[in-house]
Structures are given as structure tokens and as C-alpha cells.
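Hi everyone, thanks for coming.

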Amino acid sequence: MNRCTVSSLSHCFQFVSHCYLQTLSPNSCPFFFKRYLGQILYFSHSVNARPFPNYSPKKPTIKDSELVHHISTVIKLRRSESLHRVLKPYESKFRSDHLVWVLMNIKGDYRLVLDFFEWACLRRDPTLEARCIIVQIAVASKDLKMARQLIHDFWSKPNLDNSLSFSRFLDCLIYTYKDWGSDPNVFDVFFQVLAEAGMLDEVRKLFDKMLNYGLIISVDSCNTYLNKLKDHFDGLWRAIKVFIELPEVGICWNTASYNIIIHSLCQLGKIKEAHRLLLQMELRGCFPDVVSYSTIINGYCHAGKLEKVLRLIEEMQKIELKPNPYTYSSIIYLLCENGKVAEAEKILREMMNQGIVPDSVVYTTLIDGFCKLGNISFAYRLLNEMQGRKIIPDLLTYTSIICGFCRTGKMIEACNVFEEMLGIGLEPDEVTYTALIDGYCKAGEMKEAFSLHNQMVQLGLIPNIVTYTALADGLCKCGEVDTANELLHEMCGRGLQPNIYTYNSLFNGLCKAGNTAQAIKLMKDMEIAEPHPDAFTYTTLMDAYCKTGETDKAHELLRKMLDRGLQPTLVTFNVLMNGFCMSGMLEEGERLLQWMLEKGIMPNATTYNSLMKQYCIRKNMRATTAMYKGMCAQGVMPDDNTYNILIKGHCKARNMKEAWFLRREMIEKGFNLTASSYNVLIKGFLKRKKFSEAREIFDEMRQEGLPADEEIYSFFVDVSYEEGNMETTLELCDEVIENCLVTKVTNENK
């Protein structure tokens with residue numbers, strides 16, 4: 001039965017979806033669609049509106065009339081006194097029926113009505129009729145807040161039968177309408193309370209009932225209904241159906257209504273249809289606002305449609321609509337997802353120039369983007385800026401920074417950020433611990449990795465498949481393949497199934513450890529059973545072949561990969577490029593680059609770096625510069641490795657002016673020089689007798705905590721000694737011992 005139900009619902013969804021898309025197109029409103037919706041959204045189309053009934057309350061006895069007269073008179077005459085004291089003599093005789101009769105005498109004094117109702121409620125539960133009368137009086141007195149509260153109090157009673165109570169309450173509200181207020185807003189308020197309580201079936205019934213009496217619920221109340229509908233299970237399509245049908249009975253949707261439906265369509269992934277609806281708004285008498293545009297911009301952002309986003313922003317500027325924080329946040333997210341982090345940072349500055357204060361989400365998105373590009377120093381600068389603006393970083397912010405440091409092997413810095421995070425009371429989760437574990441595994445520090453693994457288990461955090469994959473990868477890289485296999489068996493024992501990433505980590509570890517034969521055996525096993533090898537598996541083995549100079553085997557593997565229908569990634573081509581360059585096959589490398597550009601495969605900095613490095617080794621700086629200019633012309637941003645390659649190349653070619661300029665540009669962009677780049681720069685300036693520049697770079701290198709070559713230390717020890725600066729001389733001697741002699745002995749003992 002369930003299977004049949006699901007099947008019929010699926011066909012129904014496809015049918016309504018198809019019809020809806022046609023309905024949104026201009027000049028199209030198919031009869032069969034209206035007929036289908038008519039079965040779901042029933043409307044009463046009476047020619048003559050039904051009149052509201054006359055109010056005919058129960059008649060009081062003579063004795064009751066006297067008591068009601070006394071109570072009415074005394075509370076009017078002694079208004080300034082407490083009702084508790086004034087009505088003390090009448091408490092024992094007061095019944096629920098008396099409340100309505102007294103209200104008939106004082107209904108012109110709204111404040112007195114509320115005071116008397118409050119007094120009566122403390123002694124007797126009011127009848128439903130009395131409550132509805134007070135609601136009618138409150139609405140007629142424009143006190144909609146009180147009316148809403150009175151209705152809400154009724155529905156908050158425990159153990160209510162919603163269906164029965166709704167019928168009774170609505171009937172009573174209709175019964176008391178004509179004589180106690182005659183303000184149609186009373187049904188609007190009731191409609192809103194029901195919608196906010198999630199009683200959507202009752203809301204539908206109320207709307208239909210009011211049509212019978214010739215009343216149409218306000219568009220603002222209908223918007224509340226639309227909003228609540230879209231938040232319920234399968235409510236998005238129900239909201240769209242209501243939006244299409246209600247104009248036939250007199251509802252004129254406003255901009256807020258369109259925004260709700262645009263949001264619903266975007267949630268359904270129907271961004272083109274949402275955009276089409278935006279374009280039709282003006283034709284239907286509504287003008288899109290910043291929310292309309294921002295919602296569609298966010299939809300296109302998550303779909304990765306940058307051109308559409310930029311076009312919409314231009315449209316907003318033409319009609320003088322300023323983007324709101326939500327708009328900017330969406331654009332920054334899209335740019336970061338596409339690796340255009342520098343452009344995203346410019347959007348942040350524009351956002352701030354417009355007086356819009358970014359929140360932690362915007363900063364975290366940018367920080368994560370810069371970290372993924374390896375520009376940790378700029379990411380950390382943004383973290384400091386964020387804290388300076390009193391915007392508190394959250395767990396995601398710190399985790400992004402930690403991941404960034406771990407990816408670049410800066411485990412000391414990662415641990416410092418981890419400690420800072422703990423210091424402000426943030427509790428790390430599985431993602432934070434896994435990032436640190438992965439970082440230590442990549443650094444070969446397995447003791448620290450397992451220590452963190454044990455720590456997270458003690459805290460009640462459950463290691464996931466990514467955690468185990470990182471540990472297995474680390475063990476394989478250390479040559480402990482058997483231990484890695486034991487760990488994977490333990491993982492399976494915990495109910496976790498190895499995925500392609502787990503196998504690829506094991507495979508990668510075997511290749512990195514030089515166990516190519518064992519890696520090939522594992523690959524064959526994967527081809528027989530699932531998971532099957534993917535592009536990463538093939539690329540890893542290609543990399544192993546390239547590093548051993550077996551480019552023919554790498555080529556053959558690429559053909560095999562294509563025969564199996566696997567799409568090579570940019571990393572695949574970069575591996576092949578690196579193989580060509582390492583084997584001195586620069587012509588083949590250039591041909592590969594040209595082929596990639598012709599096929600629309602956009603190279604990245606790594607692609608160009610392989611070629612530029614080999615040209616620098618050959619001291620062909622003209623070809624290196626041409627390659628660099630070609631890279632920039634293609635819109636490929638240089639990374640830290642690019643700058644380090646160029647600086648070393650220009651230094652060896654004695655182009656010190658160009659090397660100096662590149663160093664400054666690199667630092668401005670937030671990249672760091674390597675120790676070897678510093679050493680080459682210093683030696684280059686020393687050879688050209690540029691001692692002041694050499695000293696400036698040497699001091700900068702020491703501040704960065706990077707060790708210089710023994711030759712450079714010797715030069716500056718002599719200079720400091722000749723200048724009579726004994727303190728600096730001794731410091732440099734200590735650094736020579738620590739960075740050169742001790743390190744050399746340690747390496748020899750390994």
C-alpha cells in the first residue's frame with residue numbers, strides 16, 4: 001500500500017510541477033490545471049453573500065436583571081476604585097451568564113470592559129460566547145493585540161479537540177459579529193492566529209467560510225498563511241497552488257507575497273521560474289524590492305551562476321535598489337566557491353563602504369576561502385580584523401583557520417589557534433579534531449595524531465570515516481601499511497564502511513611509500529569489487545610513475561582511464577605536466593598546456609609553475625617571463641610557489657631589481673617567501689655588493705623564524721663583529737649552532 005501511495009504522489013508531483021511551469025509562462029493558464037487545483041483548493045462561489053445572523057442572547061430573569069443593573073451601575077459610578085472592593089458584595093451571586101448581560105450595559109467603555117472581564121475571569125471561566133464578545137469589542141476598539149491574545153489563550157488550553165473547537169469558535173465569532181463589533185478585521189486576526197499555530201487546514205476552512213459571507217481575508221494575513229505553508233512537509237508546492245488560485249476570488253498579491261513564492265521556487269531549485277516570476281511582477285502591478293532580487297541572487301549563487309548574479313546586480317543599480325547584507329553574503333559565498341577570493345574580499349570592502357556591517361558568516365566564508373587557497377596569512381589578518389570590530393569568531397571560523405594551517409603543514413600555528421579557541425570557551429567538534437589529526441598525519445607525526453584521536457574519544461566525540469581515513473593515510477605514508485589495515489578493520493567493526501576516499505588514502509600512501517606493486521594489486525581488487533577506482537586513484541598512480549621517470553606508463557594509464565569513461569581532473573593534467581617537466585620534456589609540456597587551453601580546460605598556478613620552474617633551472621628567464629605573462633593573461637592568479645620560483649630564477653640570472661619587486665608584490669598579497677628564496681635573494685645582493693638590501697632581507701628572514709645558510713650566517717657574524725656589535729654577534733653564533741650544526745648532526749643520526 002505504501003509503495004502505491006508513494007508512486008501516485010510522485011506522478012502527482014510531476015504533473016503539478018509541469019502544469020505550474022506552464023502557468024508561470026506569459027499568456028498561459030491551462031484549463032485542466034485550474035480544474036486540477038479546484039479539487040485541492042475548494043472555493044465557494046455563491047452569487048449572493050450570506051448575511052450575518054442577528055444576535056439573540058438568553059434573557060435574564062427579573063432577579064438576574066436587578067443584579068446586572070446593580071453591578072453595571074456601581075462599576076460605572078465608582079470607576080476610580082478597585083473592582084475587587086466595589087464588587088465584593090456581589091461575588092457570591094455572580095454567575096457566568098451575568099458577564100454577558102453586564103457587558104451589554106458597558107460595551108461603550110472599552111477600558112471598563114477589559115477590567116470587568118479580568119475580574120470575572122478570576123472568579124469563573126468565561127463562556128466561549130463571552131470571550132468572542134470581548135474579542136469583537138477589542139477589534140472594534142482597534143486593540144488587535146488584545147484580540148490576538150484572547151484568541152491565542154483559548155487555543156493554548158490543554159487537550160483541545162482542534163476540529164471541534166475551531167467550528168465552535170468560528171460559529172460563535174460569526175454569531176456575535178453583527179451586534180458586538182461588525183469589524184471584519186476580527187476574522188483576519190483569527191486567521192493569523194490559526195496560521196501562526198500551524199492549523200493550516202482550519203485556516204483553509206476559515207477562508208472559504210468568509211467567502212460565503214462576502215468577506216475576503218487581507219493579503220497580509222494570506223502572506224502569513226503562505227509563509228507557514230512553505231515551512232510544512234510538501235508545503236512549498238501547496239503555497240504555490242494557493243498563490244495561483246486565490247487571485248480568482250479577489251486576493252491581490254503584494255510584493256511580500258511574490259517574495260514568499262520566489263523563495264519557495266528557489267528552495268525547489270526552480271531558479272529560472274523564480275526569475276521569470278520576478279520579471280512578471282511589474283506587469284501584475286507589483287514592484288520587486290531588495291528582498292526579491294536578493295532571494296534570486298542567492299539562488300543563482302548556490303547554483304554557481306556568476307554571470308546571472310552580476311546581471312541582476314546591474315538591474316538593481318538601474319532601479320536604485322541597494323544590495324542588503326543577505327545579497328552581499330550570497331555574492332561573497334559564490335565568489336569564494338569559485339576560488340575568486342580576492343574579488344570576494346573587494347565585495348566585502350564595498351559592503352563596508354555602503355555602511356553595511358558584515359557578520360561572522362561573511363568573515364568566516366572569506367577566511368575559509370583564503371585558507372583553501374593556501375593564503376593563511378591573509379585569512380589570519382581577516383580574523384584579527386573581525387575581532388577588532390567586536391565580531392566574535394565562532395567554531396566554524398576557528399576550524400577554517402586550523403584547517404588552513406594543517407593543509408600547509410604549519411602544525412604549531414594550528415595548535416596555537418586550537419588553544420586560543422579552547423581559551424574563549426569554544427568546544428571543538430569532530431571536524432576540528434579531524435583537521436588536526438589529518439595535519440599531523442600529513443606531517444608524519446603519528447604519535448600526536450593518535451593522541452588527539454584518543455582525546456576526542458574521551459570527550460565523547462565519535463571519530464568518523466574521514467578521521468580513520470586520515471590516520472590510515474598517515475600510517476601508509478610512514479610505511480606502516482599493516483597497521484593501517486588493522487585500523488581499517490577496527491573502523492569496519494564500529495559499523496563504518498570504507499569509501500572511495502578511504503581506499504584512495506591507502507592507495508596514495510602505498511604509492512608515496514614506493515610500494516607501487518602493492519598499490520597496483522589494490523587497484524585491481526578495487527576494479528573487481530566496489531568501490532571502483534576513480535580519477536583520483538588513476539591520478540595517484542600516474543604521479544608515482546611520473547616521479548620515477550616512467551612517463552610512458554603514465555600516458556598509458558591516462559588512456560585506460562579515458563577508456564573506462566572517467567573524466568580526468570585538472571590535477572591529472574598537472575601530474576602529467578610535472579612528469580614531462582621533471583623528465584626534461586618541456587616541448588611535450590608546452591603542447592599539453594596548449595591542448596588544455598584549446599579544449600577549454602583552464603590551467604591553474606600549479607600547471608604553469610611546473611613549466612616555469614624548469615625554465616628557471618635552465619636559466620631561460622625570457623621564456624619564464626613569457627609563461628608568467630601568459631598565465632596572468634588567462635586570468636590565473638599566481639600563488640606563493642609561483643613567486644618563489646620567479647624570485648629564485650631572477651636571482652640566479654642576476655636580475656635582482658626584478659626579484660626585489662616580486663618580493664614586495666608577494667608580501668603585499670599575503671604570501672610568504674621560503675627559506676631557500678630568502679637565501680638566494682641575500683646571496684644575490686651580496687654578490688652585487690648591495691649590503692643594505694641583503695641585511696634588510698636577512699633581518700626579515702630572522703623575524704619570520706627561518707634559518708639561513710651557514711655561508712650567510714658567517715658573513716653577517718663577521719659584519720657584526722667588525723661593527724663592534726657583540727650582542728648581535730653572539731645571537732647569530734647561537735643561531736648558527738642551532739640551525740646549522742645541530743640540525744646537521746640530527747639529520748646524520750636519523
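I'll go through the ring pairs, and then the charges over rings.

A quick word on the ground rules: this is a predicted model, so local features need pLDDT of at least 70 and side-chain atom pairs count only at pLDDT 80 or more, while totals for chains, interfaces and linings use all residues. Residues are numbered from 1 along each chain as its sequence is written, and side-chain values use heavy atoms, with hydrogens and water left out.

Rings of Phe, Tyr and Trp (its six-membered ring) pair if their centres lie within 6.5 Å; planes under 30 degrees apart are stacked, over 60 edge-to-face, and the rest tilted. That rule gives 28 aromatic pairs. One of them is Phe 418 with Tyr 433, edge-to-face at 5.6 Å between centres and 70° between planes. Phe 418 belongs to helix H23 (residues 411–423) and Tyr 433 to helix H24 (residues 430–442), 15 residues apart; helices here are DSSP runs of H or I, at least four residues, numbered from the N terminus. Both Phe 418 and Tyr 433 are buried, meaning under 20% relative accessible area with a 1.4 Å probe, protein chains only.

Next, Tyr 643 and Phe 671: the centres are 6.0 Å apart and the planes at 40°, so this pair is tilted. Tyr 643 and Phe 671 are buried too.

Ring pairs also join Phe 154, Trp 155, Phe 166, Phe 169 and Phe 190 into a cluster.

Finally, charges over rings: NZ of Lys or CZ of Arg within 6 Å of the ring centre and within 35 degrees of the ring normal. Arg 50 has its charged end over Tyr 213, 5.3 Å from the ring centre, and Arg 663 lies over the face of Trp 660 at 4.7 Å.

Technical notes:
Helix = DSSP H or I, 4+ residues; strand = E, 2+ residues; numbered from the N terminus. Buried < 20%, exposed > 50% of the residue type's maximum accessible area, 1.4 Å probe, protein only.
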